[in-house]
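Good morning, and thank you for coming. I shall take a few minutes to go through the model now on the screen, with attention to its charged side chains.

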4 protein chains.
Amino acid sequence: MTFELLAFEVAPSSGIPIYRQLMDQVKRLVASEHLKPGDPLPSVRNVATALAVNPMTISKAYSLLEAEGVLERERGKGMKVAATKNVAKSTEQRLEILQPSVDSIIAEAKQLDIGLEQLTQQIEKSF
Amino acid sequence: MTFELLAFEVAPSSGIPIYRQLMDQVKRLVASEHLKPGDPLPSVRNVATALAVNPMTISKAYSLLEAEGVLERERGKGMKVAATKNVAKSTEQRLEILQPSVDSIIAEAKQLDIGLEQLTQQIEKSF
Amino acid sequence: MTFELLAFEVAPSSGIPIYRQLMDQVKRLVASEHLKPGDPLPSVRNVATALAVNPMTISKAYSLLEAEGVLERERGKGMKVAATKNVAKSTEQRLEILQPSVDSIIAEAKQLDIGLEQLTQQIEKSF
Amino acid sequence: MTFELLAFEVAPSSGIPIYRQLMDQVKRLVASEHLKPGDPLPSVRNVATALAVNPMTISKAYSLLEAEGVLERERGKGMKVAATKNVAKSTEQRLEILQPSVDSIIAEAKQLDIGLEQLTQQIEKSF
DNA sequence: GTGGTCTAGACCACC
DNA sequence: GTGGTCTAGACCACA
């Protein structure tokens, strides 16, 4: 099985809805080709029990990703990464995906009076 | 009027609750010292009519900011920027506050196959 | 002047209304005979300026104390401590006045898991 | 029902706002470990109907307790006692929290001509 | 099912 | 004048 390695993570009390956290993770994994077109995704039930989360929540994430064209439903078998639209992403494109988080951490740092130096240092320390 | 300059703005349908938008604005104004300790804030009713919003919504924002220690209530007179707690915090304390965001952006970068170099570069570019 | 020594104190942002703080102080001073029947009280205006408080607030306190029979209004001259009702209070009576505060600090201590020993020690330290 | 034992009570006309009465009760229950970290709280609607009070009032109490770190929200499931922050505090920290009340009772005692001895005795009697 | 947000309008306490 | 409390009722987001 390919997706035993697939460790989804959710922070249940982070304010961000669980289904959104899941969607973002799948998108990132697809963008970086950790998940390639055609790759199967773990079943709703598996993810649900693994994360101790309501299956409806996983299902919602998958359905929305399908609506966005990131995933495809293989009848009777489950979800897999869609071929169309999921062409390999360039570094620039992947950086673009990350940009909102970059902007947001910079805004936070500035509000906290944390300079560029300190911020990058802290990131290096924790990377 | 003393606070004609204080132009609060809300985007009613941005998904972010109005009271939260207000709180963030006040916090930014305080953090940037556009609002200094002791400065008065416009009255609940004034803001409410100016923004065409229910007074309770403004009141909620003010009350929460008071609970957080950002504002103080002057009985019968209105709200003002608090003196206590708006004192400087140590760099360590502030970095600690930022840490969760640091952890989270690192996790995202790794899922996107973006290395430390690229991440810090991107941050420098956007800072 | 007898009441230059009379230092009223108010904690404007303690949650307790200012007029109530004033009333309680006057009552305690009367109970302990720091203020004896017939003694004059500082004028509304003096107290107001000294405490940087709205004169209406002082006036309200005085009026309520008059309604309770603690003070008397001397026409054209101001307030003085009433004769009736303000007989000297026994130690028991004064302790009774203090009782609510005693109960309340004990409740707080218990919620904070602070024992009798520690509480009394702390009081001795600060007395 | 798991929390049949959780009997909230409110005195509607005690002057103290209902939401505050609720908050204090929850805090006491947490402090005394009748409610332990992770324990669920009755739903807003349940409490509201049980107390014949508007749900928003209960919600306000819960939200403020969340803001204070006493409770946590489990998305879509309800409130539970928070783990973080309900960790033990040092004796010094707890005494510091109590200090304002200590100062205030001492001031009251002095105005009532009640000495240290009598004050501590009275506290011992009522503890 | 859960809590969150907002409205409209009433009433209160304080200054 | 200030903010605070509460109600009744609508609608939304999340699980």
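Let me begin with Glu124(A), which has its place in helix α5 of chain A. Helices here are DSSP runs of H or I with at least four residues, strands are runs of E with at least two, and both are numbered from the N terminus. Glu124(A) has a relative accessible area of 44% and is therefore partly exposed. On this scale, buried means under 20% relative accessible area, exposed means over 50%, and partly exposed is in between, with a 1.4 Å probe and protein chains only.

Before I continue, a word on the basis of these values. This is a predicted model, in which local features need pLDDT of at least 70 and side-chain atom pairs count only at pLDDT 80 or more, while totals for chains, interfaces and linings use all residues. Residues are numbered from 1 along each chain as its sequence is written, chains are lettered from A and ligands numbered from 1 in the order in which they are written, and side-chain values use heavy atoms, with hydrogens and water left out.

Helix α5 (116-126) of chain A and helix α5 (116-126) of chain B each supply at least two of its residues. Lys and Arg count as positive, Asp and Glu as negative, and His and the chain ends are not counted. Each charge is placed at NZ of Lys, CZ of Arg, CG of Asp or CD of Glu.

Now to chain A as a whole. Its secondary structure comprises five helices and two strands, in the order α-α-α-β-β-α-α from the N terminus. The C-alpha atoms occupy a box of roughly 55 × 35 × 25 Å along the principal axes. Of the 127 residues in chain A, 37% count as buried. The chain exposes about 7300 Å², of which carbon and sulfur atoms supply 52%; such areas come from the Shrake-Rupley method with a 1.4 Å probe, and for residues only the protein chains shown count as cover. Chain A carries 15 positive and 16 negative charges, whose mean positions are 8 Å apart.

I turn next to salt bridges. Over all chains there are 22 of them, each defined as a side-chain nitrogen of Lys or Arg within 4 Å of a carboxyl oxygen of Asp or Glu. One of them joins Lys27(C) to Glu68(C), with the closest N and O atoms 3.0 Å apart. This pair links distant parts of the chain, since Lys27(C) is in helix α1 and Glu68(C) in helix α3 (residues 55-68) of chain C, 41 residues apart. Lys27(C) is partly exposed at 26% relative accessibility, and Glu68(C) is partly exposed at 32%. In chain B, Arg73(B) and Glu66(B) meet at 3.8 Å, N to O. In chain D, Glu74(D) pairs with Lys77(D) at 3.9 Å; Lys77(D) is exposed, with a relative accessible area of 68%.

Where does Arg94(C) lie? It is in helix α4 (residues 91-111) of chain C. Arg94(C) is buried yet has no salt bridge, and the nearest side chain of opposite charge, Asp113(D), is 5.5 Å away. Neighbours within four places in sequence aside, Arg94(C) is in contact with several residues, including Ala31(C), Leu112(D) and Ile114(D); contact means heavy atoms within 4.5 Å. Asp113(D) itself is in the loop between α4 (91-111) and α5 (116-126) of chain D. With 44% relative accessibility, Asp113(D) counts as partly exposed.

Finally, a point of backbone geometry. Most residues other than glycine have a negative phi. Asp113(A), however, has a phi near 60°, a positive value, and it is found in the loop between α4 (91-111) and α5 of chain A. Asp113(B) also has a phi near 60°, and lies in the loop between α4 (91-111) and α5 of chain B. Asp113(A) is exposed at 60% relative accessibility, whereas Asp113(B) is partly exposed at 45%.
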